[in-house]
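I opened the notebook to look up a few features of one protein model and to write down the cut-offs behind each term. The entries below follow the order in which I looked.

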Amino acid sequence: MKPGQNKPRVRVKMNSAAFKLDQRGYTDTARSYGAAGGDDFIHSWLQQPESIDSLIKNSLSILRARSREQVQNNDYARRFIGMVKTHVVGPDGFVFQARTTDLDGTLDKLANDAIEDNFNDWSKRGNCDVTGRLSFKEMQRLITATVAEDGECFVIRSMGGQYKYQLQLIDVEQLPVKYSGNHTNGNLIKFGVEFDVFGKAVAYHFTSDKNGDSYPLGGVHYRRVPAEDVYHIYLPEKVNQKRGLPWMSTALLRMKMLNGFEDAALVNARVGASKMGFFTSADGRGYEGDARADDGSIISEVSPGTLEQLPEGVDFKSFDPTYPSNEFGTFVSNALRGISSGLG
C-alpha cells in the first residue's frame with residue numbers, strides 16, 4: 001500500500017451476518033473470554049457470582065466440621081496444622097522487646113529491662129490466661145492452630161489477675177453462624193457479629209449459660225461483648241468478609257477422597273496377602289478340606305514344598321490381586337501435589 005492511501009475495509013461473513021473488523025482485527029464475538037462461554041462442556045458451570053455472606057451462611061459450618069474431622073483422622077491434615085504452629089509461632093513464640101527512650105532519644109535500659117521482666121512474668125502459666133492453664137506461648141500456638149483449622153479465633157480480654165489484664169480463648173462455635181437479625185438498638189447482627197451503619201463491628205454475641213449478663217433469644221442465652229474487648233483473628237479473603245474460613249477448605253475434598261483411596265488399597269492388599277485361592281467342583285459339592293474353623297470356613301494344612309492332590313472333580317483357582325499396582329505411588333504423589341497447592 002502506498003503512503004497516503006486509505007486502508008481497505010474488510011468484511012467477514014459469519015452466520016449470514018457481517019461483522020466489521022476493528023484496527024486490531026477482532027470481531028465483537030472474539031472480544032469475550034472463553035470462560036464466559038456456554039457450550040455443552042461448561043453449561044453447568046456457575047454463571048452468577050455468589051456473595052461472601054452467602055458462602056459463609058451456607059458453607060462455613062460444614063467446612064469447619066469437616067476440617068476438624070480431617071485434623072482428627074487424616075495424617076496430612078494433622079501434619080499441616082503442626083507445621084503452621086511450628087513455622088508461624090516458632091519454638092519460643094512471639095517475644096516482647098521494650099524500646100523506651102530517655103528525653104535525649106537514647107534507650108532507657110533500666111526501664112526496658114523492668115518492662116520486659118514484667119511481661120515475661122505475665123506470660124507465665126497462671127497469669128495471662130483466665131483459666132490459669134496456659135502460658136502465653138501455649139496460647140499463641142493454640143490460637144494459630146485454631147485459625148488454620150476453624151478459619152478464625154476469638155480472644156476476649158479481661159481486667160483480672162495480678163497484672164489486671166488476662167486473655168480468654170472462646171470456641172468459635174459459641175458465635176453461631178445462624179444468628180442474624182436486628183438488635184434493639186437498630187444495629188445489624190450478621191453471623192453473631194453486631195455492626196453499626198458503617199459496617200464496623202461494635203459487639204459480638206456469644207452463647208452463654210444463664211447468668212446476669214446474658215439475654216435469652218429463641219431458647220438460647222447470648223452474652224453481648226463490646227468489640228473493643230474482643231480480638232477476632234482471621235485472614236479475610238473477600239471484601240466485607242465477616243467470618244473466617246478454614247485454611248484447608250479447597251483441599252478438604254481431595255484429602256477425604258485420597259484418604260478413602262488409601263484405605264481401600266490397604267484393605268485390598270491385606271485381602272490379597274491373606275487369601276490364596278478358591279476350591280471349585282463341577283458337581284457343586286465343594287471341597288471338604290482337612291478341617292473347619294469355628295465360623296465354618298475350610299482349613300487346608302499347607303507346609304513349605306508340599307504338593308497336594310485334590311479329590312476328583314475339585315479344581316483350585318488361585319487368587320492373585322495385582323492392586324495396589326506400581327501406579328499407586330504416582331497417583332498418591334499427584335494427589336498430594338494438589339492438596340499441597342490448596343494448603344498453600
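**Entry 1, ground rules.** I note that this is a predicted model, in which local features need pLDDT of at least 70 and side-chain atom pairs count only at pLDDT 80 or more, while totals for chains, interfaces and linings use all residues. Residues are numbered from 1 along each chain as its sequence is written, and side-chain values use heavy atoms, with hydrogens and water left out.

Which residues of helix 2 are buried? I find Ala77, Phe80, Ile81, Val84 and Val89, with buried meaning under 20% relative accessible area, exposed over 50% and partly exposed in between (1.4 Å probe, protein chains only). Seen down the axis of helix 2, these buried residues fall within an arc of 120 degrees, so they line one face of the helix; the arc is taken over the directions from the helix axis to the C-beta atoms. On the other side of helix 2, I list Asp75, Arg78, Arg79 and His87 as exposed. At the start of helix 2, a side-chain oxygen of asparagine 74 comes to within 2.8 Å of the backbone nitrogen of tyrosine 76, and after the helix comes glycine 90, with a positive phi near 80 degrees.

Val332, Ala335, Ile339 and Leu343 are the buried residues of helix 6. They cover an arc of only 85 degrees around the axis, which puts them on the same side of helix 6. The face turned away from that buried side carries the exposed residues Glu327, Arg337 and Ser341. Helix 6 is followed by glycine 344, whose phi is positive, near 75 degrees.

**Entry 4, the loop between strand 11 and helix 5.** Most residues other than glycine have a negative phi. Asparagine 240, however, has a positive phi near 65 degrees, and I place asparagine 240 in the loop between strand 11 (230-233) and helix 5 (252-274). Is asparagine 240 buried or exposed? At 60% relative accessibility, asparagine 240 counts as exposed. Glycine 244 lies in the loop between strand 11 and helix 5 and is buried, with a relative accessible area of 0%. The C-alpha atoms of glycine 244 and histidine 232 are separated by 9.2 Å, with the two residues twelve apart along the chain.

I note about 340 Å³ of space in the second largest pocket. A pocket here is an open set of points on a 1 Å grid over the protein atoms alone where a 1.4 Å probe fits, with protein on both sides within 12 Å along at least five of seven lines, and lining residues have an atom within 4 Å of a point. The lining has 13 residues, of which Glu237, Leu245, Pro246, Ser249 and Thr250 lie nearest the centre of the pocket. Helix 1 (residues 52-73) gives the most to this lining, with four residues.

Technical notes
Grid points are joined across faces, edges and corners, and a volume is the space filled by probe spheres set on the points. Helices (H or I, at least four residues) and strands (E, at least two) are DSSP runs, numbered from the N terminus. A polar contact is a pair of N or O atoms within 3.5 Å; within protein, one must be able to donate a hydrogen and the other to accept it, and residues adjacent in sequence count only if both atoms are side-chain atoms.
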